[in-house]
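Thanks for coming. Have a look at the model on the screen, and then I'll walk you through a few places in it.

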Amino acid sequence: MPTLDHHPHRATPSAEDVHQLHCWRNAIFVVFAVCGISLASWVSRLPTVRDALDADTAQMGWLIFSLSVGSIIGLLGASHILARLGARGTLRVFMTLSSIGLFVAALGASIGPSYLLILLGLAVFGVGFSICDVTMNVSGAANEQRLGTNLMPLFHASFSAGTMLGAGLGWLAEVTGVPLFIHITVIAVAMTATVLHVSRAIPRESSHGIIPTTTAGIAIVGVEPPDTWRTRLASWRNPRILLIGLIVLGMAFAEGTADDWLSLAAVDGHGLSKANGALVFGIFVTAMTIGRILGVRVLSRFGRVPVLRASALSALVGMLMFIFIPVPQLAVVGVIFWGLGAALGFPVGMSAAADDPKNAAANVSVVATIGYCAFLIGPPLIGALGHAFGLLYALLAVVLMVIVSGIASSAAREPQRRESPVGGGTLE
């Protein structure tokens, strides 16, 4: 990842320079939100997909698994693609690819329906989505460091806000009878058009990779992205990065399980209607959004490690409430604690992985890959356990991973405080 010159004798950026940095920041906010809308739009219609396929829980698990396989494939190549195309080019190419995948999945759910076509579409969507995920996190971390303020939780809050909107649109489409194909096709076209437009504000990279020559008139310095696959893969030997990956793994399991299964678990486990199942998912993502917005202030006051430990405890309590309390109203309270607890694991992990600007792209890719293993292992695991024991009791596997995340939290400890290059404050 590029770093901007923090030399102590460097002149303070002009108001125009800061404006350009803010435009870059705002573009990243939009990209995060678009990704959230696209994912939640599909997830909120899973009960409809299940009914169209007449699929059981195990079959739905393998369906979701195809998205995870595509995501892992994308993550394994993300840092190399980012080094070749740069952030702007990567977002444009792979957001378009993910939109195509979403369209194909919706087509498969509407014509036939075709189980294999949905599998293919979700795999393609997963490849594009995961590469965009790494790219927006790396670019967001660069912007966060340049502006000298804690932005990553807010970027992920934008993602959560997008999931709120996507879940709301899914609920509206469900109750008004909008066909899934029309709903998802509109989302796919809109997400591509939006990212193609806003990506113009992301710094122009050189043809070799992610190193711009200038950004808003501010010279860029730093280290050229690693030139070989071997040097990029060296992050897999960094113990701290691997432990941060465990933090993200546990919290991604908590977040991803809700994305994949919460609406179905609410319907099958608590007897709610499909529309109310989508509403419960909306409550979860709303809680996550609130947690991420409040997380900026909480992190500034208490630091990463105490916040991550408290987050793990909140997610643990919330999931146990949802699993074991048969009263729907109290189960929803558990969903709120679950969402608040899962809110900060992924963004804090991304910030911690990007602490070393020289290797940020590779480190973020490693942490994201480990985190996405939750999305790879989770769907078939929860599907198989849910088929055998019921979806609610299957969630106990996620509880164990949240405990692991809490234990590993100390790996995310902040580096020494350093002078803010723009804001005049300090960075943790």
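Let's start with Pro203, which sits in the loop between helix 6 (180-198) and strand 2 (214-215). Helices (H or I, at least four residues) and strands (E, at least two) are DSSP runs, numbered from the N terminus. Before going on: this is a predicted model, where local features need pLDDT of at least 70, side-chain atom pairs count only at pLDDT 80 or more, and totals for chains, interfaces and linings use all residues. Residues are numbered from 1 along each chain as its sequence is written, and side-chain values use heavy atoms, with hydrogens and water left out.

Is Pro203 buried or exposed? Pro203 is buried, at a relative accessible area of 9%. Buried means under 20% relative accessible area, exposed over 50%, partly exposed in between (1.4 Å probe, protein chains only). Pro203 and Leu21 are 182 residues apart in sequence, yet their C-alpha atoms lie 9.0 Å apart.

Now take Asp54, in the loop between helix 2 (46-53) and helix 3. Asp54 is not a glycine, but its phi is positive, about 55°. Asp54 is exposed, at 69% relative accessible area.

Next, the core. The largest nonpolar core has 120 residues. By that I mean buried Ala, Val, Leu, Ile, Met, Phe, Trp, Tyr and Cys residues joined through side-chain atoms within 4.5 Å. Trp42, Ile118, Phe284, Phe322 and Trp338 have the most contacts inside this core. Helix 3 (residues 57-110) gives the most to it, with 16 residues. What does Ile118 touch, leaving aside neighbours within four places in sequence? Ile118 is in contact (heavy atoms within 4.5 Å) with Trp42, Val49, Leu53, Leu63, Ala105, Gly108 and Ala109.

On to helix packing. Helix 5 (residues 152-176) and helix 12 (residues 345-353) have axes that come within 9 Å and cross at roughly 140°. Axes are lines fitted to C-alpha atoms, for helices over the stretch in contact, and angles run from 0 to 180 degrees between N-to-C directions. On the helix 5 side, Met152, Pro153 and His156 meet Phe346, Pro347, Met350 and Ser351 of helix 12.

Last one. Helix 4 (residues 115-147) packs against helix 5 at about 145°, with axes 10 Å apart. Helix 4 brings Phe129, Met136, Asn137, Gly140, Ala141, Asn143 and Glu144 to the contact, and helix 5 brings Met152, Phe155, His156 and Phe159.
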